[in-house]
Structures are given as structure tokens and as C-alpha cells.
Amino acid sequence: MSRPTLRPPSFPGRAPYLWANFLVGDVQTGIMPLLSVDLIGLRHWPSVEVGELLALGGFVALLFQPIAGILADSLPQKRELFFFLALCFAGGVLLMSDSPTADGAIEAQILLGIAQGGFMPVLGAVAMGLTGREGFPRAMSWAQGMGHGGSVFGALSVAIIGLHGSMSEVYLFYAGSSLAAALLLFGVPGKAIDPVRAREAEERQSELAPRKILTLPFIFFLLMVLVFFTANTAMLPLAGLKLQGMLPTLSDPSRIGLLVAATQLVMIPFSLWSSSFRAGFGVGGAFFLLPFAILSL
């Protein structure tokens, strides 16, 4: 097995790309748990309605993700596409910040679903266009590590804001972070993002046919990921409600912030080392089974 390394990869626009991932991690991880705790704990919405509302956002993200992947592959204006997604995210959280009606909450979830479904496919396409296939695993390892670091930063920021401010200020923080990520990505030289290399077509000058991708093992993997995210979505809100009785003096945003920070701190080193682990284990077997077993425990 190759030795784990923390040496960052070298590619054009590395710093703005990685810092954009940092801020995306900030906004992506905590928003849904925070919304659930806010709506149930502070605005006293029925838990069933909150579950249905968040499920809508997740369903929109699920539907939009392949569309975002196609757009990220085909459009050379990847940075502009990311800016559009950041605007959707900012609009969604701002709609939720001011006691929304049911219709306003639905509109917010649609915008958030579009943004969350599109962020990672676009950032992945940018990385592939910058590094090519050989450099992609290490670039994404560092991008994910920076994203988890951003999640810790965002969680601690939310915890502090929750102690001294209001939920509206928390939502403003998330909106500002998403727009800052989009502006940072414009620091990546547009000419360095090769649109042909981004869709792995440099050797064939054509895209891989969908029928060659949708094999039975790959479909099974997609179903496994779907089941994982179905369970994973509820973990932080449920843990936050459990902590409500254990830490009654903390505000709801502070409790969620501490939970997010604890989980993301563990993820940072594993993200940075994942490309080395992948080289040793391959893309199957223990590379997937061990993390899923730990998660189940």
C-alpha cells in the first residue's frame, strides 16, 4: 500500500479552488440540520411537516444532480454555473430567515436542493479540467479535506452566532459564505479548465455512452449511496434533539454547531489520506466496507 501523504497537489488556481471548497463545506453540511432544529424547536412547526419539507429539498437535489453533471460536463462556463448555484443557495437561506409561509418554505427548499445537487458535480468537473484523470484523486482528496475544514469553521461560527445573535444572522452568514465561495472560484484561471479533459474525452474526443456506465454493479452502488443518504440526512437533527435534554443551556444553533464540528474534525485527515488509501486498497473491498462498518457501529 502506498504511504499516506499530506503534500498538496499542484495545479493552476489551486488556492482559490481549495478555498472555494472550504466555504462550500461551510454552507453544505450544517444547513439542513439547522433548518430542522429551527423549524421544530424555535418556530414550533409539526415534525411531520418539517420532515416532508426537508425531504422535498433532498428530492430536488437528487433530481438535479445528474442534470448538474451534464451541464458541468458540457458547458465551458463552469465558474459561472457555480455562481448561479451559489445565488440559488443564498436565495434559499434568505427566504427561510424571515418566518416563511408554507409556500415560501417550499420555494426555499427547491432553491437549496438545486444548489446542493449541483455544487459537487461542478467542482468535480473543474478539478478534472484542471488536473486530468491522473491528478484528480489527490485534488479531490484535498478539496474534500478543505470542505470538512470549512464545515468545522462554519459549525463553530454558527455556535458562536447562536450564543450571541439570532437565527437571521446565522442565515445571513450562510448566504454570505456561499457567495464568497463563488467569487473565489473566479480566481481559478478560466483557460486552465480544459473542457475536453473535464469530461475525460481527451483520448476519444467523445463522451462515454450512458449504456457503458449503467452496469448492474454501478446501479447497485447508486442504490447503496441513496440508502446511505436517506439514513444520513436524519442523523444530525436527531442527535441535536437528543442533546437538547443533555445541554439545555445551549441554543439550538450552538448544539448543532458542536455536533457538526465533532464529525467534520474526524473527516479532515481521512479525506486528505483517501487518495493514498485508494491506491493501496483499490476502489472496492475494504475501501468501502470498513467506513460503512464504522458508520453502522
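Author: Buried means a relative accessible area under 20%, exposed means over 50%, and partly exposed lies in between (1.4 Å probe, protein chains only). This is a predicted model, in which local features need pLDDT of at least 70 and side-chain atom pairs count only at pLDDT 80 or more, while totals for chains, interfaces and linings use all residues. Residues are numbered from 1 along each chain as its sequence is written, and side-chain values use heavy atoms, with hydrogens and water left out.

Reader: How many helices and strands does the secondary structure of the protein come to?

Author: Helices (H or I, at least four residues) and strands (E, at least two) are DSSP runs, numbered from the N terminus. Along the sequence the pattern reads α-α-α-α-α-α-α-α-α-α. The count is ten helices and zero strands.

Reader: What share of the contacts with a separation of 6 or more is between residues 24 or more positions apart?

Author: Contact means heavy atoms within 4.5 Å. Among contacts with a separation of 6 or more, the share from residues 24 or more positions apart is 81%.

Reader: How far apart are the end C-alpha atoms of α5?

Author: The expected span of a helix is 1.5 Å times one less than its number of residues. For the 19 residues of α5 this should give 27 Å, and the model agrees, with its end C-alpha atoms apart by 28 Å.

Reader: Is threonine 131 buried or exposed?

Author: Threonine 131 lies in helix α4 and, leaving aside neighbours within four places in sequence, is in contact with Phe11, Phe136, Ala139 and Arg197. Its relative accessibility is 18%, so threonine 131 counts as buried.

Reader: Which backbone oxygen lies 2.8 Å from a polar atom of the side chain of threonine 131?

Author: A polar contact is a pair of N or O atoms within 3.5 Å; within protein, one must be able to donate a hydrogen and the other to accept it, and residues adjacent in sequence count only if both atoms are side-chain atoms. A polar atom of the threonine 131 side chain lies 3.4 Å from the backbone nitrogen of phenylalanine 136. The backbone oxygen at 2.8 Å belongs to alanine 127.

Reader: Which backbone oxygen does the side chain of serine 97 reach?

Author: Serine 97 sits in the loop between α3 (78-96) and α4. Its relative accessible area is 16%, so serine 97 is buried. Outside four places in sequence, serine 97 touches Arg43, Ser168 and Tyr171. At 2.7 Å, its side chain reaches the backbone oxygen of leucine 94.

Reader: How far apart in space are arginine 138 and proline 9?

Author: Arginine 138 is found in helix α4 (residues 102-164) and is partly exposed, with a relative accessible area of 24%. Arginine 138 and proline 9 are 129 residues apart in sequence, but C-alpha to C-alpha they are apart by 6.4 Å.
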